[in-house]
Amino acid sequence: MRAKISYAITAAVLVFYFVLVGSRGVMLIQSGTVITVTFGVAVLILPVIGLWFLWKNTQFVRRANALAAELDAEGGLPVDELKRTPGGRIDRESADEVFAKRKAETEAAPDDWRSWFRLAVAYHDARDTPRARKAMQRAIALHDGRTLEA
């Protein structure tokens, strides 16, 4: 729940920022000179890109959460079997062992979105966010009946 609240606050702050920047862009365009109109258009591009990125990221998070809920209902969520340091951090060797198990599971069933979901969790636990995101995107695509390029 804490992650959802943090995400919502961050999204709200970003939207406020995009509105603020967008209004400045409109003000520059309304000035009417060639330079201010050019700057105004350039300033308006940033909020458009930001809103697009925020929308795509929100869609990704919602789809990943839906897969997690479905997997939880099936009793298939990965069990946290990771050893931790006294400070609470994940032990690297433990993460590597779990990752190897999840990778083998995914290689044995490459068309199963559930194995890709669990692999994404293993990547996340190993602090490899880019690969975790790619694996989750693959899980979402397989769940939706789409294919992704490797």
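Which helix do the buried residues of H3 pack against? Hi everyone, let's work towards that one.

First, some housekeeping: this is a predicted model, where local features need pLDDT of at least 70, side-chain atom pairs count only at pLDDT 80 or more, and totals for chains, interfaces and linings use all residues. Residues are numbered from 1 along each chain as its sequence is written, and side-chain values use heavy atoms, with hydrogens and water left out.

On confidence, pLDDT is the predictor's own score for each residue, from 0 to 100. The protein chain averages 90, and 97% of the residues score at least 70. H3 has the lowest mean among the elements, at 88, while helix H5 (residues 129-143) has the highest, at 94.

Now to H3 itself, residues 92-108. Helices here are DSSP runs of H or I, at least four residues, numbered from the N terminus. Its buried residues (under 20% relative accessible area, 1.4 Å probe, protein chains only) are Ser94, Ala95, Val98, Phe99, Arg102 and Thr106. Down the helix axis they fall within an arc of 130 degrees, taken from the directions from the axis to the C-beta atoms, so they line one face of H3. The face turned away carries Glu93, Glu107 and Ala108, which are exposed (over 50%).

And the answer to my opening question: those buried residues pack against helix H4 (113-125).

Let's finish on Thr106, buried at a relative accessible area of 4%. Beyond its neighbours within four places in sequence, Thr106 is in contact (heavy atoms within 4.5 Å) with Ser115, Trp116 and Leu119. The Thr106 side chain also reaches the backbone oxygen of Ser115 at 3.1 Å.

How values were computed:
Helices (H or I, at least four residues) and strands (E, at least two) are DSSP runs, numbered from the N terminus. The expected span of a helix is 1.5 Å times one less than its number of residues. A polar contact is a pair of N or O atoms within 3.5 Å; within protein, one must be able to donate a hydrogen and the other to accept it, and residues adjacent in sequence count only if both atoms are side-chain atoms.
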